[in-house]
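Hi there,

Here is the structure I promised to pass on. Have a look at it first, and then read on for what turned up.

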Amino acid sequence: EEKLCVPTLLTCTAPVNIAVIKYWGKRNEDLILPINSSLSVTLHQNQLKTTTTVASCKHFKEDRIWLNGKEVDINHPRLQSCLREIRRLARKRHSDEENNSEKLNLSQKVHICSVNNFPTAAGLASSAAGYACLVYALAKLYGVQGELSKVARQGSGSACRSMYGGFVQWIMGNRSDGKDSIAEELHPETHWPQLRILILVVSSERKPVGSSAGMQTSVKTSPLLKYRAESVVPQRMKEMVDAIGQRNFEKFAELTMKDSNQFHATCGDTYPPIFYLNDVSKRIMNMVHRYNSHYGNIKAAYTFDAGPNAVIFTLDEDVGEFIELVKEHFPPETNGELFLKGLPVSKVTLSEELKSAIGMEP
Ligand code: 2P0
């Protein structure tokens with residue numbers, strides 16, 4: 001067994017990011033290069049996040065990793081890509097700085113321990129926060145600096161966007177070596193303090209088709225996905241960047257819903273088709289549209305990733321009413337699994353007109 005030692009320990013947290021222009025499809029599977037650019041909003045650190053501790057010690061005999069308390073296979077190819085890349089960058093840096101007295105022995109093995117405070121693999125971007133956190137922690141441990149989003153990208157595509165806070169774009173790049181396929185912060189989260197994000201957890205079950213396999217089939221079989229990547233997303237990215245820049249909620253919300261819908265349409269266009277939304281997801285979509293048409297302007301938007309859980313965007317002035325609507329429209333006794341994650345807000349009374357617009361019993 002491994003001898004006792006005093007390991008060097010480092011703990012980091014990384015938040016989940018929610019894409020409003022979706023990434024779906026790779027042009028290079030090994031380097032994880034996407035067929036289109038994407039854009040996301042990173043959650044606060046006190047919401048959905050991964051916490052990762054890395055430890056190194058000269059007595060460790062091998063690299064090991066535990067996810068949510070359970071040891072998993074360290075030989076996962078993407079995990080190995082990240083480890084290899086960080087160690088390569090560390091070697092490069094240490095050889096550039098001959099007189100670095102605090103060199104961490106690069107042959108030293110690491111133990112990695114990572115936990116999520118939310119359901120894993122339920123379409124809640126667990127791999128994004130996970131790899132962002134791992135890469136950042138390893139980089140700190142080995143004293144690596146510089147652009148790390150392209151390392152995180154090689155763990156999981158969407159992870160590159162979790163390396164930054166606020167509003168982040170992942171520029172697809174056009175090089176075949178991927179050096180220009182990086183994430184970039186458009187605005188810090190302070191840019192739009194009124195923006196609220198709610199997660200409606202419809203189901204915490206594992207998704208039937210994982211993202212990586214799903215998008216691979218979509219790239220092979222969906223003409224709609226090809227059309228989307230070439231003819232829709234480039235223009236939509238520009239519009240989304242403008243909408244966020246101007247804090248134009250209606251435009252932001254409309255683009256967000258349309259992009260989610262088109263992503264799920266490409267899943268339906270995949271052969272065999274992939275279904276991530278369930279009946280509850282569709283009822284939530286319906287409710288949001290009825291809510292918006294009741295007011296005659298867009299006050300809420302939904303977006304769904306590779307799973308049935310809804311992410312809702314609203315402005316702070318409407319979030320209380322929206323939460324009340326969800327609680328009344330989806331009472332816990334009729335749907336045990338649906339619950340809200342969000343900040344506490346004061347109780348709001350819904351008007352009879354609004355209830356009837358949404359189709360709730362009087
Ligand atoms: C996104 N998703 O932009 C999109 C929307 C799911 C739907 O990024 O194979 O886990 O690791 O690069 O990053 C999920 O894909 O896939 C994803 P890999 P990833 O957030």
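How many bridges join strand β6 (residues 49-56) to β9? There are 7 bridges, and the two strands run antiparallel. Before I go further, please keep in mind that this is a predicted model.

**Around β9**

If you follow the pairing residue by residue, T52 has S114 in β9 as its bridge partner. Strand β7 (residues 64-67) also pairs with β9, this time in the parallel sense, over 4 bridges. There, W66 stands opposite C113 of β9. Strand β9 itself (residues 110-116) is largely enclosed by the rest of the structure, because 5 of its 7 residues are buried.

Between them, 24 residues of domain 1 are in contact with 30 residues of domain 2. On the domain 1 side, β2 (17-21), β5 (38-42) and β11 (183-187) each supply at least two residues, and β2 gives the most, with 4 residues. By class, that side of domain 1 has 17 nonpolar, 5 polar and 2 charged residues.

**The ligand**

Of the 15 residues around the ligand, the ones that come nearest are A19, S156, G157, S158 and S212. Two helices, α2 (126-142) and α4 (211-221), each supply at least two residues of this shell. Its make-up by class is 6 nonpolar, 7 polar and 2 charged residues.

**The largest nonpolar core**

In soluble globular proteins, nonpolar side chains tend to be buried together. In this model, the largest nonpolar core has 88 residues, and I86, A132, V135 and Y136 touch the most other members. Helix α2 provides the largest share of this core, with 13 residues. The core also draws at least three residues from each of domain 1 and domain 2.

Leaving aside residues up to four places away in sequence, V135 touches C82, I86, L148, V151, A152 and G155.

Best wishes, and happy browsing!

Note on methods
Residues numbered from 1 in each chain as written. Predicted model: local features only at pLDDT ≥ 70, side-chain atom pairs only at ≥ 80, totals over all residues. Near = placed C-beta within 6 Å. Nonpolar A, V, L, I, M, F, W, Y, C, P; charged D, E, K, R; others polar. Core = buried A, V, L, I, M, F, W, Y, C linked by C-beta atoms within 7 Å. Buried ≥ 20, exposed ≤ 12 C-beta atoms within 10 Å, placed from the backbone. Domains from an automatic or database assignment. Contact = placed C-beta atoms within 7 Å. Pairing = 2+ DSSP bridges.
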